[in-house]
Amino acid sequence: MQETRRSVIRAGGALALLALTGTALLKPGRAHAAWNKSAFEAKSAIDAMKALGMSSPEESRDIVIVAPDIAENGAVVPIEVTSNIPGTTSISVFIEKNPFPYTGTFGFAAGSVPFVHLRAKMGETSPVRVVVAAGGKHYTSAKEVKVTIGGCGG
Amino acid sequence: MRIGTAVTLVAVTALAAACAGMQPDPRADAIAMMERDFHAEGIAKMDRLKEDAVQAACNKYNDNPPADLAKKLQGEQYAGVKWPQDGNLLGDWKSGEKIAQNGRGMTWRDKGAVGGGCYNCHQIDPATTAFGTIGPSLTQFAKLRGYGPDIQRYAYSKIYNAKAYTICSQMPRFGHAGALTEQQMKDITALLMDPASPVNR
Amino acid sequence: MMRHALVAGLAAAVAALAPWMSASAQTEDPVAADFDKFRALMEEANPAELFAAKGEQLWKTRRGPKNASLEQCDLGLGPGVVKGAYAQMPRYFADVDKVMDAEARIVHCMITLQGYEYDKLDDRPFSSATKTPDPVSITTYVAEQSAGMKFAPPQSHPKEKASYAIGKEMFFYRAGVYDFSCASCHGVDGQRIRTQPLPNFTKPEQAIRAVQGWPGYRMTGGVMHTLQWRLNDCFRQQRFPEPDYASEILSALLTYLTVNAQGQDYKGPGIKR
Amino acid sequence: MADPMKIRANVQGDVAIVRVLMAHPMETGQRSQGGKKVPLHFIQSITAQLNGTTVFSADISQAISRDPVFAFRVKGAKAGDKIVVTWTDNKGETRTDETTVRGGS
């Protein structure tokens with residue numbers, strides 16, 4: 001059952017990918033693929049990466065992730081990612097322990113620097129995984145962010 | 001309702017102002033203004049703004065009333081401690097830990113008291129790392145002081161009414177205020193006094 | 001004076017008796033430093049700006065039963081002068097013969113100039129996930145126009161001095177079911193409630209923390225809150241009855257806190273936990 | 001209609017730092033209000049153009065915080081250049097705002 005559903009999703013992904021070539025032509029404004037529903041609805045980072053065609057990315061030290069060791073508040077966790085990998089076209093962020101880990105893809109074109117600052121919700125302590133697309137290959141790095149329940153009640 | 005209050009208070013303020021004309025009295029002005037500018041909300045009624053004898057002494061003397069007054073008031077507060085009928089002061093320390101962790105209760109959003117909020121101010125079980133420092137650490141409470149009936153009575157009555165020992169203590173009078181039940185206070189006493197409690201291990 | 005000596009003595013005694021206390025306060029510092037670092041990063045682009053922009057629009061738009069803008073509202077520096085006004089409040093206003101803080105004054109202007117009713121503004125004055133009340137946005141705008149300026153609430157009028165004195169009494173007034181005053185939590189150095197550090201608002205260098213960062217964008221719930229909300233929530237946790245929105249007693253307490261922080265830079269609307 | 005964005009773009013050296021603030025509830029579909037679940041409502045896509053050419057784009061989930069904030073950097077932007085940002089949410093609502101790149105640090 002699950003297998004079937006997955007293949008359907010995968011097929012959907014493939015269709016979306018096909019469709020994207022068309023939309024990309026129609027909408028010159030986009031620097032990367034269309035909003036990938038199956039990736040965003042995946043319950044694990046691995047499934048989301050598969051849906052995005054990012055299988056087995058290579059570990060890289062050229063990805064710099066700036067995020068707090070301990071988040072002051074899980075509702076707003078600042079995350080900054082810089083890729084020092086030449087030819088970077090996109091940065092994708094996955095918060096592994098969130099119910100839907102895939103948080104977003106940020107595409108760079110026409111002279112924009114491969115850097116992004118974003119703020120995300122984190123339900124619990126989790127690795128923040130980043131996947132960078134560059135020169136047709138994928139690279140990855142991760143940083144753990146602790147989320148504690150603070151405050152004193154009352 | 002509000003208008004009525006406002007009118008009365010204009011009178012009060014006018015009176016206060018008249019007196020203040022002779023001698024500035026910010027304390028009287030502040031109390032009059034509070035009476036006018038606060039309103040009852042939920043269980044938090046306006047009577048909460050009225051000082052009792054202990055609060056009045058602490059407010060008047062900047063938390064440092066004359067020794068004889070302090071002694072007299074402390075005696076009265078101690079005399080008001082209601083001891084458990086069954087004579088047993090120790091409840092269940094595990095339940096006590098939960099009550100100590102819970103800081104909710106008695107605000108205008110609450111229906112009554114829920115917890116003691118002990119960790120807001122005290123370190124207790126060393127395994128609980130989120131603790132405040134307004135009060136002293138209670139880790140090893142009975143191990144340091146002894147497990148005997150006198151210390152049990154001290155612990156119970158201190159929770160019941162901290163002002164029985166230190167008249168202007170920052171600690172609430174949980175029993176006196178009706179904020180914790182007898183069973184809850186027994187459970188917290190057990191958390192401090194039970195040899196099996198992590199506090200004493 | 002006596003209170004300070006007593007409190008200092010107590011703190012010293014506690015520190016001497018419990019060396020672990022200062023040690024544990026120190027181990028907490030890297031976390032606090034990390035929080036500060038990321039707070040600064042977030043302040044570079046603070047959603048509070050969205051509320052300030054909305055507030056500016058509200059300030060300049062003809063609204064209310066009288067179809068007037070707030071551009072004739074006198075925040076103490078003359079009708080319509082917004083720049084620097086927030087940092088110089090609370091202050092005395094002759095037209096009402098009393099001291100008002102920024103939000104109280106804005107509410108007053110909405111009533112007198114635009115014809116709104118206090119009872120409606122007072123109904124639900126604090127932001128929720130679904131609604132940000134107009135005075136909150138307007139206060140955020142007015143506050144933003146004092147960013148980078150020094151707190152300088154005037155203390156020349158007798159009523160301003162009286163307001164400070166009343167605010168101070170309020171600060172130390174112990175009452176209610178738990179015998180708390182503002183000073184129970186904010187009258188001693190170096191303490192914390194659970195994991196939250198508690199600044200001592202009786203000291204100038206710490207009093208700034210009472211007023212800095214407000215109005216603040218609260219990460220919890222993602223809503224904008226002003227000092228009116230903060231004081232309201234303090235009194236709730238103090239187990240007091242509820243203070244009236246934008247009332248004189250709150251202006252007095254804000255006078256006490258702001259005067260204690262005077263001369264220090266206001267950074268503008270902030271981000272709060 | 002959605003509230004306007006706040007966009008700031010400042011040149012530092014040969015790079016313009018662009019900061020964008022968006023007013024949006026970013027509802028996760030998990031939050032309850034008055035006993036009812038607040039439906040999923042979040043920005044899905046963002047594009048940014050410099051003088052008409054797309055330089056930055058994003059596809060995001062509901063895990064982005066309420067009132068989203070993004071920053072990115074564009075090489076070769078000069079004072080006076082135009083930055084246009086557009087977002088679209090899952091209900092099809094969209095908003096476009098622009099700013100002029102400012103010089104100095």
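Reader: Why is C:Gln191 called buried?

Author: Buried means under 20% relative accessible area, exposed means over 50%, and partly exposed is in between (1.4 Å probe, protein chains only). C:Gln191 has 15% relative accessibility, so C:Gln191 counts as buried. This is a predicted model in which local features need pLDDT of at least 70, side-chain atom pairs count only at pLDDT 80 or more, and totals for chains, interfaces and linings use all residues, while side-chain values use heavy atoms, without hydrogens and water. Residues are numbered from 1 along each chain as its sequence is written, and chains are lettered from A and ligands numbered from 1 in the order in which they are written.

Reader: Where is C:Gln191 found, and which residues does C:Gln191 touch?

Author: C:Gln191 is found in strand S3 (residues 191-193) of chain C; helices (H or I, at least four residues) and strands (E, at least two) are DSSP runs, numbered from the N terminus. Leaving aside residues up to four places away in sequence, C:Gln191 touches B:Thr133 and B:Ile134 as well as C:Gln196, C:Pro197 and C:Leu198. Touching is contact, meaning heavy atoms within 4.5 Å.

Reader: How many residues of chain C are in contact with chain B, and what area do chain C and chain B bury between them?

Author: In chain C, 43 residues are in contact with 60 residues of chain B. The two chains bury about 4700 Å² between them, and 56% of it is on carbon and sulfur atoms. In chain C, the residues that lose the most area to chain B are C:Tyr173, C:Arg174 and C:Arg194, together 18% of what that side buries. Buried area is the accessible area (1.4 Å probe) that two parts lose on being put together, summed over both.

Reader: What makes up the secondary structure of chain C, and what part of chain C is buried?

Author: Chain C has eleven helices and eight strands. Of its 273 residues, 57% are buried. Among contacts in chain C between residues at least 6 apart in sequence, 68% join residues at least 24 apart.

Reader: Why is H4(C) called oblique to H6(C)?

Author: Helix H4 (residues 102-112) and helix H6 (residues 134-144) of chain C pack at an angle of about 120 degrees, with their axes 10 Å apart. That angle makes H4(C) oblique to H6(C), since angles under 35 degrees count as roughly parallel, over 145 as roughly antiparallel, 65 to 115 as roughly perpendicular and the rest as oblique. From H4(C), C:Glu103, C:Ile106, C:Val107 and C:Met110 make the contact with C:Asp134, C:Pro135, C:Val136, C:Ile138, C:Thr139 and C:Val142 of H6(C). By class, this contact has seven nonpolar, one polar and two charged residues.

Reader: What makes H7(B) and H8(B) oblique to each other?

Author: Helix H7 (residues 149-160) and helix H8 (residues 182-193) of chain B pack at an angle of about 130 degrees, and their axes are 9 Å apart. H7(B) and H8(B) are therefore oblique to each other. Among the residues that meet are B:Ile151, B:Ala155 and B:Ile159 in H7(B) and B:Met185, B:Ile188 and B:Leu192 in H8(B). By class, the contact of H7(B) with H8(B) has nine nonpolar, two polar and two charged residues.

Reader: Is B:Asp63 counted as buried or exposed?

Author: B:Asp63 has 18% relative accessibility, so B:Asp63 counts as buried. B:Asp63 lies in the loop between helix H3 (53-60) and helix H4 (67-79) of chain B. Its phi is positive, about 65 degrees, although B:Asp63 is not a glycine.

Reader: Why is D:Asn51 called partly exposed?

Author: Its relative accessible area is 45%, so D:Asn51 is partly exposed. D:Asn51 is in the loop between strand S5 (43-50) and strand S6 (53-60) of chain D. D:Asn51 is not a glycine, yet has a positive phi of about 50 degrees.

Reader: What makes A:Ala109 partly exposed?

Author: A:Ala109 has a relative accessible area of 24%, so A:Ala109 is partly exposed. A:Ala109 is found in the loop between strand S6 (102-108) and strand S7 (112-120) of chain A. A:Ala109 and A:Thr89 are 20 residues apart in sequence and 6.8 Å apart in space, C-alpha to C-alpha.

Definitions and conventions: Axes fitted to C-alpha atoms, helices over the stretch in contact; angles between N-to-C directions. Nonpolar A, V, L, I, M, F, W, Y, C, P; charged D, E, K, R; others polar.
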